[in-house]
Amino acid sequence: MAVTILALLFLVLMTAIAFFGRGKQPQAGVNMQKCSLCLRPFEQRLLVERQVGDYRHLHFCRECILGLASDLGLKN
Ligand SMILES: [Zn+2]
């Protein structure tokens, strides 16, 4: 179980790095979404989205992802 959670967090982290490593996308309207962990609103383009099960979508902000990486002992 713990290994599965760590693997999931690592996957989220790698996706976040890929996501934030891209150049700025042209903005076509502001679509706000709350982070699933800290519940603060962000533009959707600043969040990493993951689907859980058939319907539930979770969104993670940069700070929460980096916090999780820090909890794992990874350098930011
Ligand atoms: Zn957050």
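1. Let's start with a pair of facing residues: Glu49 stands opposite His59 in strand E4. Another such couple is Gln51, whose bridge partner in E4 is His57. Strand E3 (residues 48-52) and strand E4 (residues 56-60) run antiparallel and are joined by five bridges. Strands count as paired if DSSP finds at least two bridges between them. Three residues lie between E3 and E4 in this hairpin, and Gly53 in the turn has a positive phi of about 70 degrees.

2. A word on what you are looking at: this is a predicted model, in which local features need pLDDT of at least 70, side-chain atom pairs count only at pLDDT 80 or more, and totals for chains, interfaces and linings use all residues. Residues are numbered from 1 along each chain as its sequence is written. The pLDDT is the predictor's confidence in each residue, from 0 to 100. Its mean over the chain is 80, and 63% of the residues reach 70 or more. Please keep helix H1 (residues 2-21) in mind, as its mean pLDDT of 60 is the lowest among the elements, while E2 has the highest, 97.

3. Now for the overall layout. The chain has two helices and four strands, arranged along the sequence as α-β-β-β-β-α. Both kinds of element are DSSP runs, numbered from the N terminus: helices are H or I with at least four residues, strands are E with at least two.

4. Which residue has a positive phi although it is not a glycine? That is Leu39, with a phi of about 65 degrees. Most residues other than glycine have a negative phi. You will find Leu39 in the loop between strand E1 (32-34) and strand E2 (41-43). Leu39 counts as exposed because it has 8 C-beta neighbours inside 10 Å. The cut-offs use C-beta atoms placed from the backbone: with 20 or more others within 10 Å a residue is buried, with 12 or fewer it is exposed, and in between it is partly exposed.

5. Is Cys61 buried or exposed? Cys61 is buried, because 22 other C-beta atoms lie within 10 Å. Of the 76 residues of the chain, 9% count as buried. Cys61 sits in the loop between E4 and helix H2 (62-71). Beyond its neighbours within four places in sequence, Cys61 is in contact with Cys35, Cys38, Arg40, Phe42, Leu46 and Leu47; contact means C-beta atoms, placed from the backbone, within 7 Å. Phe42 is 19 residues from Cys61 along the chain, and their C-alpha atoms are separated by 7.6 Å.

Key
Two residues are in contact if their C-beta atoms, placed from the backbone, lie within 7 Å.
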